[in-house]
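Dear colleague,

I am handing over the structure we spoke about, and I would be glad if you could look through it with the notes below at hand. Please open it first and then read on.

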Amino acid sequence: MKRSDSDFFIVIGVFLVAYLIATISDFNEHWLSWASAYSMIGLEDLPIGLSFLSFALGWYAWRRLQDASVSHQQLSETIEKLQTEVEERMLAVEHAQVLSETKNEMLESEYLRNKKLKQVRMMGDALAAAVTLTELQEISVKYLKNIIPDHTVAVLFANKSFKNWGLAGAWGKHKDKVYLNVKLEECQVLQQGKAYIDSSNTQNMLCSNANLTTIKSVACYPIASHEMQYGVLHIRSERLTESLLSREEEQRVIEVCNTIGLHFHNTQLRTELSMASNRDELTGLLNRRGLGSTLKREIQTSQLQGYDVTVAMVDIDHFKQYNDSFGHPEGDKALKFVAETLAKNIRSRDVVARYGGEEFILVLPNTSKLEAYKKLKMLIAKVAEDSESVPECQRTITLSVGIATCPGDQKNEEALIKSADLALYAAKKRGRNCVVAYKAAASTVADPAKVIRTQQID
Ligand SMILES: Nc1nc2c(ncn2[C@@H]2O[C@H](COP(=O)(O)OP(=O)(O)OP(=O)(O)O)[C@@H](O)[C@H]2O)c(=O)[nH]1
């Protein structure tokens, strides 16, 4: 209803109420008596005038009151509106804050995620460049530390025989409580070749790394490839938690472990291949190819350290006759016997190689010519003596040996071997079963054996 309409009804209502009151209270009578009283003093119109005035004043007051109530209402509405607006704005600010915090959190987690992905890529490159299994272990530990920095983690790798998995690195709050070794029989990951995640029952586990009273949750992942278990990644927590890693983190860890496993597999294959190509099949000793790099390295080291390295060329005497008499298989057995006897009776840093046929080479670092001479005489005697009693040998086996020393006789590996060969030739000429040392002058004369013979050390 419009305001003018309500005013109209209010006026009519007031009039009716006034009329009713006037009727009930005999107002007419009073009015007539007031009118006659005032007419006596010449103011007969005053009551009616006053009535109109009071009515007008009443009307005016009523209107003001109404106006005031309307303004009050409008003011309340405006205040309410403003309050709503303020509340809405505050909500908007709060929302914006939450959004900005979420955005910051997202940016931070995105930054960390990218950082970890970068580490994964860098680890892949470093692993690809590694040559040995030891290098692979070191690289894996270094990068895994950056990829899983927020937990207690231990990385264990297999030893050569794949019987023990030893600790290669550990980090995090409880790293000191990690056991150094894990055996196949106590590790479900190694046995089954798949991840093991436990957040409740670790105290009943076989693994000594997990059944500590303080450990409540573990997550272990295999580092494997082609069914070979190269290592275990062990993550632990003192908290009982559904999952130590988020789904994304776990996926990343599994991929990283697979990558490390693959590199271990490739490197192991490479090592085996290179070992095979450097080894003599019959005796298991280094072959001529394997000897080349070893001798070169030993000569370089001896030059740096300033000591002698002596090379001995060893040849079985009358081996053709041995083969002819007892057959090639028996000849093989005798070759193996000589190889084993030589290998067993030298120092760990000495090297013995099969140079070809019935010829062997010994590399003796930090050994003078005289020391080598004595050593080789002892070896000849040992082979001869043992060959008389072992079933692998059909008769006494004697050896002839030529020795040459670096840097006294020669300074590079080829020349050194050639000199030892010349000395061996002299030993054969001398009647076999003996050691002859090379003398520099021998290589320049027609019959070096004659010169060398005069230089033999007896
Ligand atoms: N059973 C066997 N014999 C081999 C092997 N490699 C080389 N031989 C033999 O070794 C013999 C070497 O003979 P020679 O070079 O004539 O020398 P030798 O008979 O030992 O005579 P000297 O060296 O002068 O004492 C040959 O009969 C080869 O067949 C091998 O792997 N197994």
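Predicted model: local features only at pLDDT ≥ 70, side-chain atom pairs only at ≥ 80, totals over all residues.

The ligand site

The ligand is surrounded by 16 residues, and the closest of these are His318, Phe319, Asn323, Asp332 and Arg354. Phe319 places a backbone N or O atom 2.7 Å from an oxygen atom of the ligand, while Arg354 brings a polar side-chain atom to 2.7 Å from a ligand oxygen atom. Glu358 also has a polar side-chain atom facing an oxygen atom of the ligand, in this case at 3.3 Å. Taken alone, the ligand exposes 660 Å², of which the protein buries 67%.

As for where the shell comes from, the elements that give two or more residues to it are strand 7 (309-316), helix 8 (319-326) and helix 9 (328-344). Helix 9 provides the largest share, with four residues. Sorted by class, the shell around the ligand holds eight charged, five polar and three nonpolar residues.

Helix 7 and helix 11

Helix 7 (residues 288-305) packs with helix 11 (residues 413-430) at an angle of about 105°, their axes being 10 Å apart. Since angles of 65 to 115 degrees count as roughly perpendicular, helix 7 and helix 11 are therefore roughly perpendicular to each other. On the side of helix 7, the residues that meet helix 11 are Leu291, Leu295, Lys296 and Ile299, and their partners in helix 11 are Glu413, Leu416 and Ile417. By class, this contact of helix 7 with helix 11 has five nonpolar and two charged residues, and no polar ones.

Helix 4 and helix 6

Which way do helix 4 and helix 6 run relative to each other? Helix 4 (residues 133-147) and helix 6 (residues 247-278) pack at an angle of about 170°, with their axes 10 Å apart. Angles over 145 degrees count as roughly antiparallel, so helix 4 and helix 6 are roughly antiparallel to each other. Helix 4 contributes Leu133, Leu136, Gln137, Ser140, Leu144 and Ile147, which meet Arg252, Val256, Ile260, His263, Phe264, Thr267 and Gln268 in helix 6. The residues of the contact of helix 4 with helix 6 divide into seven nonpolar, five polar and one charged.

With best regards

Terms used:
Residues numbered from 1 in each chain as written. Heavy atoms only, no water. Near = heavy atom within 4 Å. Polar contact = N/O pair within 3.5 Å; in protein donor to acceptor, adjacent residues only side chain to side chain. Areas by Shrake-Rupley, 256 points an atom, 1.4 Å probe, with all protein chains shown as cover. Nonpolar A, V, L, I, M, F, W, Y, C, P; charged D, E, K, R; others polar. Axes fitted to C-alpha atoms, helices over the stretch in contact; angles between N-to-C directions. Parallel < 35°, antiparallel > 145°, perpendicular 65-115°, else oblique. Contact = heavy atoms within 4.5 Å.
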